[in-house]
Amino acid sequence: MRETITPRRALQMVVIAAIALTFLLPLYWLTISALRPEEDIFRYLNPFGPWTLLPNRLTFENITELWSGSFSRAIANSLVVALVTVIAGLMVCAPAAFALAVIDFPGRSAIFTAMIVSFLIPFDAIAVPLYSIMRGFNLQNSYAGLILPGIGNGLAIFLLRQFFQGIPKDLREAAMVDGMGWFQIFWNIYLPLSKPALISAALIMFIFQWQAYLWPLLIAPSNDMKVAAVALAQFSSAYNVSFGLIFAGAMFLSLIPMLIFVFFQQYFTNSVAATGSKE
Amino acid sequence: MGAVTISNVRKAYGSVEILHGVSIDIADGEFVVLVGPSGCGKSTLLRMIAGLEDITAGEISIGGRVVNRLAPKDRDIAMVFQSYALYPHMTVEQNMGFSLKLQGVSAAEVKQRVAGAATILGLTSYLGRYPRNLSGGQRQRVAMGRAIVRSPSAFLFDEPLSNLDAKLRVQMRSEIKQLHQRIGTTTVYVTHDQIEAMTMADRIVVMRDGNIEQIGTPLELYDQPANQFVAGFIGSPSMNFISGTLDGGRFTADGGTVIALASGPASAASGPVTIGIRPEHLRLDPAGFPVEIVTTEPTGAETHILARLGETEIVGTFRDRLACVPGDIIRISAEPGHIHLFDSKTALRIIG
Amino acid sequence: MRRPLTFVLVADTVANFLVFAPVNILTRGGPQGSTDLIMNQIYTNAFVNGDPGSAGAATVVLVALVLAIVLVQFRLMGERSER
C-alpha cells in the first residue's frame, strides 16, 4: 500500500520531524559540549548563534581527563551493579510473576496487591529507613548493598505477570497433560514465549540501577564503591565545578543505556511470537 | 490398558453444583462421545478425567487405577484441545516429541516414534515447520500426533473440530474414526454436534444440565430415545413433537387432528401425551391428516417441507419431488411403527 | 484514554514529589530553603545535621502521604480494569 504525499501530509511530517529533533536537541548539545574545550561550553549560549550548536573547536581533552580519573572505576561499578541486578532480578521476578499469573494459591491477591503498592511508592521514599536496615547487616560500601534493593522489582513483576496472563491457558494445560510440572511449564513454555517481556523487564531493572542516585549516595559513598551517577555529581563541589568533566561524564551516562536500548529494540519487533493456537 | 470408569462424579464451584452425580463405564478400546448443549457439563467432565479440574465427589479410574488425586501427567492420558494448544516456539517434530523427551526416552527413539506418528497422519513433510505456518487441519493433525506418539491409556478430545470449516470437519471426522479403528485406544470425545456424535461414536452419552440423559449406541438413541430431550437432540432435522391426548389407542392432537398409532401396549395408555415423529418417517398419504405448507426446500435427493398442523410446525423430508407452493394443503401420515410416545408431564418415553 | 492519563498524571506527581538528585546536586535546597524539597530535607537532617530522629519522622509522614496517593491510584486502576 503506497500513500500519496499531499502537501498537507508533507507539512505534518515536517512538524513531526521538528518535534522529534527538539527532543534530541539536549542530547546533541550535551554531546558537542563534551567535545568542546571547557571554556567554550557556555561561551556561545548568549547571543544564540550558529556557534551555539556547531562546535568550532573539537577536543578529546575532557574525555581523556575523565577516563584518567576515578570515573572509569565508577562506570565499572555502575555496570556491575546494573548487570547483576538484571540477572538476579530476572531470576527472582520471572518465577514470582509466573506464580502470580498462573498458580492459584491462597493469599495470591494479597501478595499481588502488596507488590503493586511496592512499585507505586517511589523507592526514594523508603531509602532512609532501608539504609538503617542495610547498615544493620553491615552492607555499606558493598555491591550487595547496592544490588539487593533492585532485585525484587515490583514493576518488572507486574509487567511479566500481565504478559504471562496473555499466554493461552490451553498451552499450560496441554503441557500438564504432556507431563510437565510447574517449573517445567515455566521453563519450557512461558520463558521462551516471553522474550519481549523479559527484555522490557530487564531494561526496567537496568535503568532503575543506572539512574539511582540517592540510594548509592547513602549506601556506597566510598571512592571504591561509588557509582557513576554519584561520581558525576561530585564533579561539582562547593568550591569547584568542572563543567568539561560533567558534560563528558553525562554523555557516557546517557550513551550506555541508549546503546543497550537500541541493541535490544530489534527484539521487541522480532520476537513477538505467533501463538500456535487458533484464536 | 485403558478402561475408564466414572462413578457418581460430582463437580461444584462453591455452592453451585454443575455435575450432579454422573456414572459412565467406558470399556477398553471404546470410542465414547459426550454430547449435549453448551453448559451441560460435558467439557468439565472431560477435564476432570484429564485432571485439569478437581473432582468434588465420586471416583474416576483409568485402566483400573483411581486417578482422583493424580496430576494430569501421572494419569497416562493424552488430550487434544479445541484450540490445538500447540507450542508456538517448537517445530511440529518438537511438539510431537516433547512428552517423550520429558519421559526420558532416548533421542533416537523419540525421532522414530514421531516419524511413525507423522506417517500415520500424513505430516512427514511438515516436521520442520512451526505451527504458525500450518493450516487449521494440519495443526489439528499435529495435536493428534502429539497425543498418539505417547501410546496413552486413553485419548481425550475436547471439541477438536469446532474451529475447522464444514468441509474439513467432515474429512477430519472420518480421519479420527479411522485412526481409532487403527490404534484402538480408548477415546472420550466431547462435542456439541450430534452428527459428529452419531457418525463417530461406539456409544453416545447425552448430557444436559449436569445430568446424563441417556447412554447408548447411536442407533439406540435414534430408535429408542429415553425422553423428549434426547429425541429432539439426536437426528437432523430434529424430531417433530405434537402434543395431544391419548384415549384408548386414539391420539387426538390439541388442534383436533386424529393421528393413527400402531397398536401396542403403550397406545393402550390414556391421558395427555406428546408424540414424536422424525421428519423422515412422514409420508404423503391421501388418507392422512392435512397440513398447510409454509416453505419447501428441495435439496435434490429429497425435499424438506416445513408445514403447519394447527399451531405446531412440522418438518418432513420426502423422497418424492413435490410440486407445491406455500399455502397448499397436503395430506400426510406417519409410519405407525415409528411414532414415539412421551408422557406430557415427565417428558419420559412411554415404553411400547 | 482519560483513565490512563489520569493514572500517569498522579504517578508522575508522586515521582516529582520525591525529586532529590537535582536539588541535592544543583542547589542544596538554597538559597534560604527556597528550593528545598522534602527528600533533600530528610537527607540533610539524617546525614548532614546528624539528626536521624527528625529524618525518620519526616519519612513516616512522607510514606503516609504517598500511600494515600497510592490509594487514589488504586481506585483509578480498578475502574480502568472494569472497562
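In an unreviewed entry, UniProt places the feature "domain: ABC transporter" at residues 4-234 of chain B. UniProt positions are given in the numbering used here, feature names are shortened, and annotations may be inferred rather than shown by experiment. This is a predicted model, in which local features need pLDDT of at least 70 and side-chain atom pairs count only at pLDDT 80 or more, while totals for chains, interfaces and linings use all residues. Residues are numbered from 1 along each chain as its sequence is written, and chains are lettered from A and ligands numbered from 1 in the order in which they are written.

Over residues 4-234, chain B is 37% helix and 26% strand, and the end C-alpha atoms of this stretch are 25 Å apart. Chain B as a whole has 8 helices and 19 strands; helices (H or I, at least four residues) and strands (E, at least two) are DSSP runs, numbered from the N terminus. The C-alpha trace of chain B spans about 75 × 45 × 35 Å along its principal axes. Of its 352 residues, 41% count as buried, a term for residues with 20 or more other C-beta atoms within 10 Å of their own, C-beta atoms being placed from the backbone.

Chain B meets chain A in a contact that takes 24 residues from chain B and 19 residues from chain A. Two residues are in contact if their C-beta atoms, placed from the backbone, lie within 7 Å. On the side of chain B that touches chain A, strand E6 (77-80), helix H2 (92-102) and helix H4 (136-148) of chain B each give two or more residues. The residues of that side divide into 15 nonpolar, 6 polar and 3 charged. Here Ala, Val, Leu, Ile, Met, Phe, Trp, Tyr, Cys and Pro count as nonpolar, Asp, Glu, Lys and Arg as charged, and the others, Gly among them, as polar.

For chain A, an unreviewed UniProt entry lists "transmembrane region" at several stretches, among them residues 12-30, 75-103 and 143-164. Residues 12-30 of chain A are 100% helix and 0% strand, with end C-alpha atoms 28 Å apart. Residues 75-103 of chain A are 97% helix and 0% strand, with end C-alpha atoms 40 Å apart.

Within chain A, helix H4 (residues 71-102) meets helix H7 (residues 143-151). Val84(A), Ala88(A) and Val92(A) are among the residues of H4(A) in this contact, and Leu146(A) and Ile147(A) are among those of H7(A). The residues of the contact of H4(A) with H7(A) divide into 9 nonpolar, 3 polar and no charged.

Definitions and conventions
A residue is buried if 20 or more other C-beta atoms lie within 10 Å of its own, exposed if 12 or fewer, and partly exposed in between; C-beta atoms are placed from the backbone. Axes are lines fitted to C-alpha atoms, for helices over the stretch in contact, and angles run from 0 to 180 degrees between N-to-C directions.
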